[in-house]
Amino acid sequence: MNTSVSPDVETLLSDALLRRLDVPGPRYTSYPTADRFVEAFGHNEYRQALRQRAQGATVGGSGPLSIYIHIPFCEQLCYYCACNKIITKHKSRGAEYLVDLQREIDLHVVELGRTQPVSQLHLGGGSPTFLDDNELAALMAMLRGAFKLLPDAEVSIEVDPRTATPQRLRNLREMGFNRVSFGVQDFDPDVQVAVHRIQPFESVRELVAEARALRFESINADLIYGLPKQTPESFKRTIAQIAELRPTRIALYAYAHLPQRFKPQRRIDDHALPTAEQRIRMLRAGIAGFIANGYVYIGMDHFALPGDALAIAKRQGRLHRNFQGYTTQPDCDLISLGVSGIGRVGATYSQNAKTLDEYHDALDQGNFPIVRGLALTRDDLLRRAVIMALMCQGRVEFESIELAHLVKMHEVFAHEFEELKQLEKMGLVEVSDQDIQVTAMGWFFVRAVAMVFDRNLQADRVRERFSRII
């Protein structure tokens, strides 16, 4: 992959280029994106996809599964949050939720059998650590009773630093979790007050140190730039503090302020948000700061230390992408459990009900709680192959695409190649007779390159559904 990053990030990321490419666009954890899902795809269609997998009739049918479990509960509301969550202090809701998760798992066992291998398991939310240790242990036992968790499986969990303790991390390690992610967002006290998420640097430092002592294979820290009260100067301090903690991975996300869609964001003072110019300076500072501290720029908003599996996969051209973002796991089926979970089986995508009541009612009827999804067309599969090649390898080899999909690239994508000429002039891509290559500078804006091949992005009103690239 010819996407190695020059140390002169300031030169690569000019203000003019950043402004020009600061437009809404999908993150391409899938193609087509979830906004294209339809209600015509439901319980029966999902069951059929599972049966095809069990018969070995799907693309991912012979490989291990990836499993995602959504735990929607949080004890406190973070004003910036756009996740599907339920704010509650009633811990009994966790036990009730486990009953429904068991029923959903049982439905999968009926269709797939009890020995499907699993190479990747991730608990997200909400806050998975809303569940107590006994409940998390019960959930892991449920999963091990239904699936075959492979010895080298990636088993990860998102941890809320405000409620976790070193002892909690020790318990998680004993349960089999080998990867942990801490939601940090920002260490500045004023920013933390503005977003209603107080977690001192010292407490996070203690948790990261304990996770390292426990030999978690990967320790991730999530950051967000563009939050209220943030300034380029304050964010540089957070960058320095994160670099001091030295997690193996860092996710640096842009805050998308969409109060009309996400009610909690209405509590944020619009006047306290940084300007577009300040956001650009924060992004540049983040990228330059982490690279200067020895991190590898993986792509989009991910960084990793050179010895981390994600950085190794990038060097070897083995990056993949699913609904959780960049991953080392090969292209495989994803079973998603819990409210709002999005999964993929074969050439289909599906999403669970977004409310607990609707989720519970479907399971009461003995149905999978699928409320919408999509069966991919040949054109979808072709464009997905091109977009994922760009997003993961930074290169599209025409011959491999043409042989796999029985098409001629320049005939099918004549309009797209015309659009690429503009990106080529900007220095983001190089197009030859054999391939499309994303440049080192283009790798910072790979979403913009991938968007060229997205048939569904035809109008600005559609793009406004997505976060901005910068």
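This is a predicted model: local features need pLDDT of at least 70, side-chain atom pairs count only at pLDDT 80 or more; totals for chains, interfaces and linings use all residues.
1. Nonpolar cores. The largest nonpolar core of the model contains 126 residues. Ile69, Leu101, Leu139, Phe182 and Tyr326 have the most contacts inside it. Another core, of 12 residues, lies apart from it, and includes Cys78, Tyr80, Cys81 and Ile268.

2. Phenylalanine 182. Neighbours within four places in sequence are left aside here. The contacts of phenylalanine 182 are then Val159, Pro161, Leu169, Leu207, Val208, Ala211, Ile219, Asn220, Ala221 and Asp222. Leu169 is also one of the buried residues of helix α6, while Ile219, Asn220, Ala221 and Asp222 are among the buried residues of β7.

3. Helix α6. This helix covers residues 166–175, and its buried residues are Pro166, Arg168, Leu169, Asn171, Leu172 and Met175. Glycine 176 follows α6 and has a positive phi, near 115°.

4. Strand β7. How many residues of strand β7 (residues 218–225) are buried? The count is 8 of the 8, so the strand is largely enclosed by the rest of the structure. In a regular strand, side chains alternate between the two faces of the sheet. For β7 both faces are covered: one side carries Ser218, Asn220, Asp222 and Ile224, the other Ile219, Ala221, Leu223 and Tyr225, and all are buried.

5. Partners of β7. β6 and β7 run parallel and are joined by 6 bridges; glutamine 185 stands opposite leucine 223 of β7. Strand β8 (residues 249–254) also pairs with β7 in the parallel sense, over 6 bridges. Within β8, alanine 251 is the bridge partner of aspartate 222. Together with helix α9 (residues 232–245), β7 and β8 make a right-handed β-α-β unit.

6. Leucine 50. This residue is found in helix α3 (residues 43–54). Is leucine 50 buried or exposed? Its relative accessible area is 0%, which is under the 20% limit, so leucine 50 is buried. Not counting residues up to four places away in sequence, leucine 50 touches His108, Glu111, Leu112, Ile335, Val345 and Phe368. Aspartate 333 is 283 residues away from leucine 50 in sequence, but the two are 9.9 Å apart in space, C-alpha to C-alpha.

7. Aromatic pairs. The structure holds 13 aromatic pairs. Phenylalanine 290 and tyrosine 295 form an edge-to-face pair, at 6.0 Å centre to centre with 75° between the planes. Both phenylalanine 290 and tyrosine 295 are buried. These two residues belong to a cluster linked by ring pairs, made up of Phe290, Tyr295, Tyr297, Phe303 and Phe444.

8. Phenylalanine 323 and tyrosine 349. Why is this pair edge-to-face? The planes of the two rings lie at 80°, and over 60 degrees counts as edge-to-face; the ring centres are 5.6 Å apart. The pair links distant parts of the chain, 26 residues apart: phenylalanine 323 is in the loop between β11 (320–322) and β12 (325–327), and tyrosine 349 is in strand β15 (residues 348–352). Phenylalanine 323 and tyrosine 349 are both buried.

9. Charges over rings. Lysine 91 has its charged end over the ring of phenylalanine 130, 4.1 Å from the ring centre. Arginine 321 has its charged end over the ring of tyrosine 326, 4.5 Å from the centre. Tyr326 is also listed among the residues with the most contacts inside the largest nonpolar core.

Technical notes. Residues are numbered from 1 along each chain as its sequence is written. Side-chain values use heavy atoms; hydrogens and water are left out. A nonpolar core is a set of buried Ala, Val, Leu, Ile, Met, Phe, Trp, Tyr and Cys residues joined through side-chain atoms within 4.5 Å. Buried means under 20% relative accessible area, exposed over 50%, partly exposed in between (1.4 Å probe, protein chains only). Contact means heavy atoms within 4.5 Å. Helices (H or I, at least four residues) and strands (E, at least two) are DSSP runs, numbered from the N terminus. Rings of Phe, Tyr and Trp (its six-membered ring) pair if their centres lie within 6.5 Å; planes under 30 degrees apart count as stacked, over 60 as edge-to-face and the rest as tilted. A charge sits over a ring if NZ of Lys or CZ of Arg is within 6 Å of the ring centre and within 35 degrees of the ring normal. Two strands pair if DSSP finds at least two bridges between them. A crossover is right-handed if, with the strands pointing away from the viewer, the path from the first strand over the helix to the second runs clockwise.
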